Amino acid sequence: MKTVNLLLKAFLAGGLLLLISACTTTEIDEFRQSSTKIEEDSSIVILGRRQSNAYETEENFVQCVGNVVASGSDGINVIPEPLFLDEMFPFFEPRMAPMRTDHLAQLMQQEEAAKKFEDFGVKYIVWLDGQTQRSGETGSLSCVIGPGGGGCFGFGTWVDDSNFEAEIWDLDNLSTAGAISADANGQSYVPAIVLPIPLLARVETSACSGLGEQLKTFLRGNA
Amino acid sequence: MREMMILMMSSLKHMFTGFRFLAPVVLCSLLLGCSVSVIEISGNYPSPLVTQLPLTLGVIYDDNFTNYSFTEIDEYSGEDQYIINSGTTQVQLFNTILPAVFYEVVFLDNLEDVASHPGLDMVFQPAIEEFQVGLPQKTRLDVYEIWVKYNMRLSAPDGASIADWVMTAYGKSPQETFGSVDAGVNEAAVEAFRDLAGTFSLGFTSIPEVNDWLRSNNML
């Protein structure tokens, strides 16, 4: 019984130690090219870049940043990405989306597109581009199940690295207002003695909240 | 000893009686594991924001197009792995695009039907020439991919060819977002069909033969 207690204490202490270690480091960088200001009745739209073959900016991440920007007393109106893409169809589909602000200027010359922008009251377009990559997966974890019960034993760890960049386009000037980048990384651990205890580094969530808050400050013109 | 043997035999018999009911379930599960998966593509397609051409278009979807199905073969077993049915959704797609691009669209059963519609300017027939699917387990990429090659035929009501051109469509969907292959393939296919809708609606008047015809008929 004493041995079990000792083992349990050691396990808890180890878990606590790892919990402290399973944290995330986030770095936010901002580059401003022109001043920004957004009125209460204006909106922004946050769109994910999806032109690359190897990866695409996840819809969930775009939605997460949108939620952060729209939240709080200083929240900004954010048009949901799927609604905007459908209403502006096909101008923002992956192969047709403007890659530079001069392409946007060409798009604004099309009467149908310009009218839709006006209807939405969009003042800024935010392009999100990036992904989360996993590396350094080590360790092994095995689980067994038998007539008398089951359990897991082992240890697994990996590193998640999120790199995202937000490019802000000003629709009044048809120019780039600035860019914000978020780089978050963290190591996750899963020790298992009978039960697996996942100590996960919430890297993407951290990048999302950091980028969203900075974007809000940037658009409000407070930076 | 004899009693013990009888008891053991009885327990074994009891166990096998239990398995008798379990066996069909296990067998069905194993068969299901090897059976082909049928994916019915479905999606919603928005109407494109384009300037309508002042034309009356007749459109014919032949049986190959309306019932289009692609079979992905398992490279190891050589057996059918996935059957992807996309005919219905592609008809839905063209039924959305064409009325946005053309002033009037008349749906025809076949070429003989053209004679009974004297107001037609053009007759359009889409066809699928090639369909490819990229599954993450085969490509080692983290995305499901769909690539489709179309042959578009446009003719005058008298049957003379106006244009005959090839269009390709590509769509992909991230693997992590979708729990099942069916959902991932469906999303990639819908992306590909949206891609086609975009390139068709924005690029129709830029097809050289179409552009020549439109100019010679004072439509541009």
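Visitor: What makes two strands count as a pair?

Guide: Two strands pair if DSSP finds at least two bridges between them, and strands themselves are DSSP runs of E with at least two residues, just as helices are runs of H or I with at least four, each numbered from the N terminus. This is a predicted model, in which local features need pLDDT of at least 70 and side-chain atom pairs count only at pLDDT 80 or more, while totals for chains, interfaces and linings use all residues. Residues are numbered from 1 along each chain as its sequence is written, and chains are lettered from A and ligands numbered from 1 in the order in which they are written.

Visitor: How do you know that strand 6 and strand 7 of chain B pair?

Guide: Strand 6 (residues 122-134) and strand 7 (residues 143-155) of chain B are joined by 11 bridges and run antiparallel, and since at least two bridges are required, they therefore pair. One such bridge links B:Val123 to B:Ser155 in strand 7 of chain B.

Visitor: What makes strand 7 and strand 8 of chain B a pair?

Guide: Strand 8 (residues 161-174) of chain B pairs with strand 7 of chain B in the antiparallel sense over 13 bridges, and B:Tyr144 has B:Ser173 in strand 8 as its bridge partner. These two strands form a hairpin with five residues between them, and B:Gly159 in the turn has a positive phi of about 100 degrees.

Visitor: Which elements does chain A have?

Guide: Chain A has six helices and six strands, which run α-β-β-α-β-α-α-α-β-β-β-α from the N terminus on.
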